[in-house]
Amino acid sequence: ESDGTIFEYDDRDVILYNLGIGAKRGDLPFVYENSDSFQALPTFGVIPCFGANHPYNVDDIMLNFSPMMLLHGEQYLEIRKYPIPTSAKLVSYPKLVEVVDKGNAAVMVSGTVTKNVATGEDIFYNESTVFVRGSGGFGGPKKGSNRGAATTVYQPPKRQPDAVVEEATTQEQAALYRLNGDRNPLHIDPEFSNMGGFKIPILHGLCFLGISGKHLYQTFGAFKNIKVRFAGPVLPGQTLRTEMWKEGNKVIFCTKVVETGKLCIAGAGAELIEGKSSK
Ligand code: HDC
């Protein structure tokens, strides 16, 4: 465990985040601080821990580490305390969960508890998996451990989805989203993204997680956790289609890139807050 990293934010950060995941000017609760129901969309929970100092060095853990070869592989977010404050001082404690050897690639998982400094209570827990191409073959375990909801791979039912939401991202989506704290050049610098194997800078995984999470929230209400695998890249300007199936208090979902028909989020699901589901 590390010493904590402080993240202090206010309504400006909340509005910037909501806009970064596609909130529209008419969505007053998401874009106007004087709205009676002004709020952070639930996936805001991935933001406070993003820049936290990890108590280890990636170069020491992985063979041939190159930041250009790093992709966000999976994300699990737990919202441990609602309502999410619209301004607060939080503290995050990242730690290394595991490193898995996929042959060609290494998969590294970190886990971060985030607490509210004012109350001392947990507010968010995140697990982030990065998939590093070219860093495998170090003789590590081939499978990760089972950590319950954090590692669940959800299977969509065979029936048609219960709800579908489509939303176009903008050409500037990644240029805007990076202002929330992830300034990885992969999302803005054409030379860097070329070297990483992409024709143009790609969208942040956490941005399209946020867009899908917004579709879930607007369709089914608040959730206490959400888990996704980033199955394929998204280019800014592409349209996302979130397909959702409600199964008890869970929503299973996947997200496709409409222009290509390919999945960008797979194996995904969320657990709704009991009694709060709107459908
Ligand atoms: O799935 C492929 C892919 O391209 N996914 C999309 C990646 C992406 O676009 N991510 C978002 C953008 S990158 C980003 O946002 C970076 C960000 O700025 C920084 C993140 C920092 C977060 C940390 C915060 C603290 C790809 C390339 C990932 C894998 O595809 P393939 O190489 O074809 O792999 P495949 O042959 O299907 O499987 C090999 C083994 O790996 C496992 N696996 C597959 N996809 C995975 C994954 N594991 C984790 N995450 C994924 N997304 C497979 O299960 C398989 O393992 P096994 O053989 O044991 O079954």
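Visitor: Why does the radius of gyration of the chain agree with a compact globule?
Guide: A compact globule of 279 residues would have a radius of gyration near 19 Å, and the chain has 18 Å, so the two agree. The radius is taken over C-alpha atoms, and the globule rule is 2.2 Å times the number of residues to the power 0.38.
Visitor: Where do these numbers come from?
Guide: This is a predicted model, in which local features need pLDDT of at least 70, side-chain atom pairs count only at pLDDT 80 or more, and totals for chains, interfaces and linings use all residues. Residues are numbered from 1 along each chain as its sequence is written, and side-chain values use heavy atoms, with hydrogens and water left out.
Visitor: How many helices and strands are there?
Guide: The chain has 6 helices and 10 strands, which are DSSP runs (helices H or I, at least four residues; strands E, at least two) numbered from the N terminus.
Visitor: What share of the residues is buried?
Guide: Of the 279 residues, 51% are buried, that is, under 20% relative accessible area with a 1.4 Å probe, counting protein chains only.
Visitor: And helix H6, how many of its residues are buried?
Guide: In H6, 15 of the 16 residues are buried.
Visitor: What comes just after H6?
Guide: Gly 221 follows, with a positive phi of about 95°.

Notes:
Buried < 20%, exposed > 50% of the residue type's maximum accessible area, 1.4 Å probe, protein only.
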